Amino acid sequence: MPRPILATIHTAAVQHNLARARQAAHDARLWCVVKANAYGHGIENVFEGMRAADGFALLEPSEAERIRNLGWRGPILLLEGVFDARDLELCSRLNLWHAVHCDQQIDWLAAHKTQQPHRVFLKMNSGMNRLGFTPDRYRSAWARLNALPQVDEISFMTHFSDADSAKGIGLQLAMFEETTRDLPGERSICNSAAMLRYPDMPAQARGDWVRGGILLYGSAPDFPEKTVDDWGLQPTMTLSTKVIGVQNLQPGDTVGYGSRFTAEQPMRIGVVACGYADGYPRHCGTGTPVLVNGQRSRLVGRVSMDMITVDLTGIADAGFGSEVTMWGRASNGAVLPIDEVAQAAGTVGYELMCAVAPRVPMVVDGR
């Protein structure tokens, strides 16, 4: 038998979150963002739950090919565009839409031989200062693209840097709107945080396409200000395991490497089959929440490569073989949001999802 650790993907939760994204999108069409192998969930594992999307957005051309192989015939957008001129051949063959964020990508298009003109999304750097043309160069980039026979329709996109915080989206949105004013084409502006936090945004400002990312996977984009309960989201991934050993401690006994935890009273601890080699954050310390038999408990001591230790004191019937939920939904329905675990590790839920190690078996519930 393998180690009793398992990542379970919840299709019903994916469908629920997609419906919530639809509600937040109003009349805009919805990209389901499945970059980074669907945020660590596995593209094939979430596809059925996302069939109601208007399109899929991702990074790797190989990920786009996987979506096509699943039978998807609708729009697919390469969010960072192509990484090499040869990728344009795949875009032509698979009918992929792609971002254009730099002069080199325009040069590649100009040299590309194709019978089917491409749909492109011209990206603006409105303040994020990652990818995109600055506003002073944006319209000239549009003019270059518009003159190419290799380009069919040009859409416009940008990315908010502070939609999840008090700084907000006002300055970037105003810059985008002013620069693209009177240019024909669809717009893609809002990410998960902007969709949720600005529900009364005018339709023109929201754009024709919204990009649903982290909200689809049951994590709050602005945690801890807002939680998944506040936004009506459900966890799409559960990382669960079992207690594989029990120790009875006396006052003064220590636990784990570095003796980071010292018992102040008699207590029982469970040794759990999960560690940083499984993708669980090593930086989680004593007090990080876990669920034991669906009841709240805590991690004690330091996370090891293959094991952690949790407090069993006061949890009835907890012992060898007890279910431990590292994040997600326990068998009794209790939920431990991934955001709480991420906060204890000093990171965000995105990282935990993406970091689940290949050695952890992953299954889809209901299959």
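This is a predicted model: local features need pLDDT of at least 70, side-chain atom pairs count only at pLDDT 80 or more; totals for chains, interfaces and linings use all residues.
Colleague: Let's start with Ser-297. Where is Ser-297 placed?

Modeller: Ser-297 belongs to strand E15, which covers residues 295-300.

Colleague: Why is Ser-297 called buried?

Modeller: Its relative accessible area is 14%, and buried means under 20%. The value falls under that cut-off, so Ser-297 counts as buried.

Colleague: Which residues is Ser-297 in contact with, leaving aside its neighbours within four places in sequence?

Modeller: Among them are Thr-288, Pro-289, Asp-311 and Ile-315.

Colleague: Now Met-362, in strand E19. Why does Met-362 count as partly exposed?

Modeller: Met-362 has 27% relative accessibility. Buried needs under 20% and exposed needs over 50%. Since 27% lies in between, Met-362 is partly exposed.

Colleague: What is the separation of the C-alpha atoms of Met-362 and Leu-239?

Modeller: They are separated by 9.1 Å, while the two residues are 123 residues apart along the chain. Met-362 is also in contact with residues including Ala-7, His-41 and Met-237.

Colleague: On to the helices. How do H7 and H8 cross?

Modeller: The axes of H7 (residues 135-146) and H8 (residues 170-180) come within 10 Å and cross at roughly 35°. The crossing is right-handed.

Colleague: Which residues of H7 and H8 meet there?

Modeller: Pro-135, Tyr-138 and Arg-139 in H7 meet Met-175, Thr-179 and Thr-180 in H8. By class, that contact has 3 nonpolar, 2 polar and 1 charged residues.

Note on methods:
Residues are numbered from 1 along each chain as its sequence is written. Side-chain values use heavy atoms; hydrogens and water are left out. Helices (H or I, at least four residues) and strands (E, at least two) are DSSP runs, numbered from the N terminus. Buried means under 20% relative accessible area, exposed over 50%, partly exposed in between (1.4 Å probe, protein chains only). Contact means heavy atoms within 4.5 Å. Axes are lines fitted to C-alpha atoms, for helices over the stretch in contact, and angles run from 0 to 180 degrees between N-to-C directions. A crossing is left-handed if the near helix is turned anticlockwise from the far one by less than a right angle, and right-handed if clockwise. Ala, Val, Leu, Ile, Met, Phe, Trp, Tyr, Cys and Pro count as nonpolar, Asp, Glu, Lys and Arg as charged, and the others, Gly among them, as polar.
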